[in-house]
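Me: I'd like to go through this structure with you before I work on it further. Could you start with the overall picture and then take the side-chain contacts one by one?

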Amino acid sequence: MDDRVVVGYDTSAESIAAVRWAATQAATRGWALDVVHVWGFAGQEGGGAGESWLGREVQAQVRQVADEGARIAAEAEPAADVRAVVRHGPPARVLVDEAADARMIVVGRRGAGLVNALVGSAATGVLHRARCPVVVVPATTRAGAGRDPVLVGFDGSPESFRALEAACEQATHLGTGVSVVTAWTVAVETAGPAYWALTYPQRTPAEVALEEAERVLERARSWAASRRDVEVTFDLAEGRPAQALVRRSRHASLLVVGTRGRGGLASLVLGSTSRPVVQRAECPVLVTRGAEAVPEQDPPRPERATASA
């Protein structure tokens, strides 16, 4: 794996924020930074602009965009090792290919010309195809937010352990702490009154849901007990997982989620949760990769209700 960050740049406000965030990430870790501007058609010389005077002018302007992105990165972090890159083809596919051996891909939440989209097509494509962690940066990212804790969603699945590990690793570089959140809600639509009366005659659905969430959060506490390099706090949040994370994102430097979770009452990193988090979080969102983080220790019991995340 190359010690390199790949960031997409297209002049939009979101891509400017992404370049600045990526520059800080690369500089603090001693990694290189490739600022990639994607334009034109794959497999065609100069992206299809041609070799006429007009075609060369178009290619020069395209290069200027990439150079502008690299300049923004260098101004944000003068110590960063920055390279301007021009590539041709579908933006998402090109960025994923460029980052095949990179540490991470960073993209803006929306690109130029996508003012009505919650998440631009390039960011969506990268999230679906990337083989490395992806960071999606909103234009509203605040200067100085690095002093806020790193927020991570946890549901006890292998993916959430990987997210927790990534959050701790990010926090050590940011010089801040980690806030672990497990959300719970009562799944009344998946189990009728007769089910609860038979299975849990002395307990309400809310009591069962809260107990399960506490059990899940205890697994995070056990794992984090060995981390002496970062302060980790733990929080139970009642309500939908995505809503709980988005609310807390306004006071976070980074929000970390897995690609999917295991389901269950404390489900927190399901794909259906990650999507709205990426769309609406007020801080950058790191989506981890890999399903082999930590083996499942406690398989879901058949009688457990499922959350409607």
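**Overview and contacts**

Reply: The chain exposes about 14200 Å², of which carbon and sulfur atoms supply 51%. Please keep in mind that this is a predicted model.

Me: What does the secondary structure of the chain come to?

Reply: The chain comes to 9 helices and 10 strands.

Me: And what share of the residues is buried?

Reply: Of the 309 residues in the chain, 50% are buried.

Me: On to charges. How many salt bridges are there?

Reply: The count comes to 12 salt bridges. One of them joins Arg83 to Asp34, with the closest N and O atoms 2.9 Å apart.

Me: Is Asp34 buried or exposed?

Reply: Asp34 counts as buried because its relative accessibility is 3%, and the cut-off for buried is under 20%.

Me: What about Arg221, which residue does it form a salt bridge with?

Reply: Arg221 forms a salt bridge with Glu218, and the closest N and O atoms of the two are 3.4 Å apart. Both residues lie in helix α7 (residues 205-224), and because they are 3 residues apart there, about one helical turn separates them.

Me: How accessible are Arg221 and Glu218?

Reply: Arg221 counts as partly exposed at 35% relative accessibility, and Glu218 also counts as partly exposed, at 40%.

Me: Where does Glu282 come in, and what is its salt-bridge partner?

Reply: Glu282 forms a salt bridge with Arg250, the closest N and O atoms being 3.7 Å apart. This pair again links distant parts of the chain, 32 residues apart: Glu282 sits in the loop between α9 (271-280) and β10 (285-287), while Arg250 sits in the loop between α8 (241-249) and β9 (254-257). Glu282 is partly exposed at 36% relative accessibility, and Arg250 is partly exposed at 40%.

Me: Changing topic, how many aromatic pairs does a search of the whole structure find?

Reply: The search of the whole structure finds 1 aromatic pair. It is formed by Phe154 and Phe161 in an edge-to-face arrangement, with 5.1 Å from centre to centre and 85° between the planes.

Me: Why is that called edge-to-face?

Reply: The angle between the planes of Phe154 and Phe161 is 85°, and planes over 60 degrees apart count as edge-to-face, so the pair falls in that class.

Me: Last one, where does Thr176 lie, and what does its side chain reach?

Reply: Thr176 lies in the loop between α5 (158-174) and β7 (178-184), and its side chain reaches the backbone oxygen of Asp148 at 3.1 Å. Although it is in a loop, Thr176 counts as buried, with a relative accessibility of 15%.

Definitions and conventions
Residues numbered from 1 in each chain as written. Predicted model: local features only at pLDDT ≥ 70, side-chain atom pairs only at ≥ 80, totals over all residues. Heavy atoms only, no water. Phe/Tyr/Trp six-rings, centres within 6.5 Å; stacked < 30°, edge-to-face > 60°. Helix = DSSP H or I, 4+ residues; strand = E, 2+ residues; numbered from the N terminus. Buried < 20%, exposed > 50% of the residue type's maximum accessible area, 1.4 Å probe, protein only. Areas by Shrake-Rupley, 256 points an atom, 1.4 Å probe, with all protein chains shown as cover. Salt bridge = Lys/Arg side-chain N within 4 Å of Asp/Glu carboxyl O. Polar contact = N/O pair within 3.5 Å; in protein donor to acceptor, adjacent residues only side chain to side chain.
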